[in-house]
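Here's a quick briefing to skim before you load this one up.

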Amino acid sequence: LLFCLFLIGIGFAFHAPAWSAIVPDLVTDEELPSAATLGGLQLNVSGIIGPALGGVLLYFLGANWVFAVNALCFVVVIFALLQWKGPKAEPGFPLENFLESFSTAVRYVRYSPAIQVVLARNVLFAFFISVIPALIPVIGLKELRLQPCSLGLLFTSMAAGSVFSAIFVLPRAREKLSSNTLIVLGNLLVAVVYVLMALVRQRELFLVVAALAGAGWTLSASELWVAAQRSMPSWARGRMNATVIMLSQGAIALGGIVWGFSSQAAGVQVTLIVAAVAMALSLLLAIPLSINFTTSLSFDPPPISCV
């Protein structure tokens, strides 16, 4: 099972950077925040339907058939992608092999303070947000005594909170608040959610807590994604997206290990309180590592010298 999850991670590593890189080429700079919200919205709507449908199929068909149906759905997606023909752009730079491309990405990160700030904020956020996927199943199964087929309700509630945040909160908040402020508020909401996760043990009320977790996650993640896209030149967007995703996934993996061992050693409640306090304290770094500079960046800055 762990090996299969490892292979899924490899597939995600190939898919996600390319998928993210095409979005800024399809919309204008002014439309980019809305495009980010829309992209997250369709994922969250799927997050509402998927866990609920998976729970029903798990009850009637069993786990094997659920995975088989899911695999078939990916075949349908592959077929749809094969029908799509994107615009062919002439490369402005000589083609590079893998090692040269990797080296260029490392040099660009080294000499680009904007990318360094974006990467640092993404790593911090990913490390602390990993509490949710690491501990919500533990709380659902061991603390709330949910059945495996009902566990999807927690993730459905998270997705519902994300949809609410994307539709009703983000558009209005972006008109009044800066990106840095939105991320800080989103992280504060997640910190409060961790305290509630440690205290609430009533099933229906915990679904509301899960919805708040989804809202805070969406609020922060969408602004971080927009900031990242605005700080990348088009010629390096694919490899920079890969760098952001690689470091973020690494931080989530590290966080999963840390929070998992902590919950085993000190208990789930103590781990959640510690995570909430640490996440709140980490927001002090939002002052020296503010991402508000990305609102004034050129959407396609000239390439820097990497000598």
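Predicted model: local features only at pLDDT ≥ 70, side-chain atom pairs only at ≥ 80, totals over all residues.

A salt bridge here means a side-chain nitrogen of Lys or Arg within 4 Å of a carboxyl oxygen of Asp or Glu.

**Overall fold**

- We're looking at a protein with 11 helices and zero strands.
- Reading from the N terminus, the order of elements is simply α-α-α-α-α-α-α-α-α-α-α.
- Of the 307 residues in the protein, 37% are buried.

**Salt bridges**

- Searching the whole structure turns up two salt bridges.
- As background, side chains of opposite charge can pair when their charged atoms come close.
- Are the two partners buried or exposed? Arg 174 is partly exposed, because its relative accessibility is 22%, while Glu 223 is buried, with a relative accessible area of 3%.
- The other bridge joins Arg 201 and Glu 143, with 3.4 Å between the closest N and O atoms. It links distant parts of the chain, 58 residues apart: Arg 201 is in the loop between H8 and helix H9 (203–230), and Glu 143 is in helix H6 (residues 131–143).
- Arg 201 counts as partly exposed at 27% relative accessibility, and Glu 143 is partly exposed too, with a relative accessible area of 33%.

**A buried serine in a loop**

- Ser 231 is found in the loop between H9 and helix H10 (237–266).
- Its relative accessibility is 3%, so Ser 231 counts as buried.
- What does the side chain of Ser 231 have by it? A polar atom of that side chain lies 2.9 Å from the backbone oxygen of Ala 228.

**Nonpolar core**

- In soluble globular proteins, nonpolar side chains tend to be buried together.
- The largest nonpolar core in this model has 35 residues. Those with the most contacts inside it are Val 131, Ile 132, Ile 139, Tyr 194, Met 197, Phe 206 and Leu 272.
- H5, H6, H7, H8, H9 and H11 are the elements that give two or more residues to this core.
- Which element gives the most to this core? That's H8, with seven residues.

**Cavity**

- The structure holds one cavity of 30 Å³ or more, and the volume of the largest cavity is about 100 Å³.
- The elements giving two or more residues to the lining of the largest cavity are helix H5 (113–129), helix H8 (179–199) and helix H11 (268–282). H5 gives the most, with four residues.
- Lining residues of the largest cavity include Arg 121, Leu 124, Phe 125 and Phe 128. Also among them are Ile 183, Asn 187, Leu 224, Met 279 and Ser 282, as well as Leu 283, Leu 285 and Ala 286.
- By type, the lining of the largest cavity splits into nine nonpolar, two polar and one charged residue.

Terms used. Residues numbered from 1 in each chain as written. Heavy atoms only, no water. 1 Å grid on protein atoms, 1.4 Å probe; cavity = no way out; pocket = protein on both sides within 12 Å on 5 of 7 lines; lining within 4 Å. Points joined across faces, edges and corners; volume = space filled by probe spheres on them. Nonpolar A, V, L, I, M, F, W, Y, C, P; charged D, E, K, R; others polar. Buried < 20%, exposed > 50% of the residue type's maximum accessible area, 1.4 Å probe, protein only. Polar contact = N/O pair within 3.5 Å; in protein donor to acceptor, adjacent residues only side chain to side chain. Core = buried A, V, L, I, M, F, W, Y, C linked by side-chain atoms within 4.5 Å.
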